[in-house]
Amino acid sequence: MSETGERDAADGSTPTDPDELTDAEWRERLSEEEYRVLRESGTEAKFSGEYVDHLPDDGEYRCAGCGTVLFDAETKYESGCGWPAFYAAEEESVTTTVDTSHGMRRTEVRCANCDSHLGHVFDDGPEPTGKRFCINSVAMEYDEE
């Protein structure tokens, strides 16, 4: 990661603006699984992700595509849904949109900086927000403070 928190380019150079990356450059930067989830709106299998049972006391979760801080570790909880769950996101770091794929109507969560698909948010989470952000582990990197 660079000093600004952005993910370093694969060749070690200063990262470029994610909006300026071509599809080929994204494929170079990301693993095959990261590319499938982040750029093609894929999902990991339930209970398969690295952060499903990860419950640290502090730290933050960053976008695997660009390094933007998405979630504080204090907002992570065990939901039993099979994906890492958070009751709150860093407001300026995520965007949401309606997702009608797979015959369902859900709210998709994307990184506000690089427009990568992260997962979905539901209105059945705990207080204080009532939200359950179900996020693919491969879409994030944990940064211990």
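Are phenylalanine 71 and phenylalanine 133 buried or exposed? I looked both up, and both come out buried (under 20% relative accessible area; exposed is over 50%, partly exposed in between, with a 1.4 Å probe and protein chains only).

**Ground rules.** I'm working on a predicted model, where local features need pLDDT of at least 70, side-chain atom pairs count only at pLDDT 80 or more, and totals for chains, interfaces and linings use all residues. Residues are numbered from 1 along each chain as its sequence is written, and side-chain values use heavy atoms, with hydrogens and water left out.

**Overview.** I find two helices and nine strands (DSSP runs: H or I of at least four residues for helices, E of at least two for strands, numbered from the N terminus). Read from the N terminus, the order is α-α-β-β-β-β-β-β-β-β-β. The protein has 145 residues, and 46% of them count as buried. I also checked contacts (heavy atoms within 4.5 Å): of those with a separation of 6 or more, 52% come from residues 24 or more positions apart.

**Open sheet.** Three strands line up as β2-β1-β9, with antiparallel pairing (two strands pair if DSSP finds at least two bridges between them). β2 (69-72) and β9 (140-143) are at the edges with a single partner strand each, so one side of each has no neighbour in the sheet. Neighbouring strands are turned by 30 degrees against each other on average, direction ignored (axes are lines fitted to C-alpha atoms, for helices over the stretch in contact; angles run from 0 to 180 degrees between N-to-C directions). I count four bridges between β1 (residues 60-63) and β9, and glutamate 60 faces aspartate 143 there.

**Aromatics.** My search of the whole structure gave five aromatic pairs (rings of Phe, Tyr and Trp, the last by its six-membered ring, with centres within 6.5 Å; planes under 30 degrees apart are stacked, over 60 edge-to-face, the rest tilted). Tyrosine 61 and tyrosine 142 are a tilted pair, at 5.1 Å centre to centre and 50 degrees between the planes. That pair links β1 to β9, 81 residues apart. Tyrosine 61 is buried, at 0% relative accessible area. Back to my opening two: the rings of phenylalanine 71 and phenylalanine 133 have centres 5.7 Å apart and planes at 65 degrees, so I log the pair as edge-to-face. Phenylalanine 71 is in β2 and phenylalanine 133 in β8 (residues 132-135), so this pair ties together parts 62 residues apart in sequence. Tyr51, Tyr61, Phe71, Phe86, Phe133 and Tyr142 make up one aromatic cluster.

**Tryptophan 26.** Which charged ends sit over this ring? Arginine 29 does, at 5.7 Å from the ring centre, and arginine 39 does, at 4.1 Å (the rule: NZ of Lys or CZ of Arg within 6 Å of the ring centre and within 35 degrees of the ring normal).

β5 and β6 form a hairpin with six residues between them, and histidine 102 in the turn has a positive phi of about 60 degrees. Six bridges join β5 to β6 (residues 106-111), running antiparallel, with threonine 96 opposite valine 109. Serine 93 sits in the loop between β4 (85-86) and β5 (94-99). I get 11% relative accessibility for serine 93, so it counts as buried. Its side chain reaches the backbone oxygen of valine 69 at 2.7 Å. Beyond neighbours within four places in sequence, serine 93 is in contact with Thr68, Val69, Leu70, Arg110, Cys111 and Ala112.

Technical notes: Polar contact = N/O pair within 3.5 Å; in protein donor to acceptor, adjacent residues only side chain to side chain.
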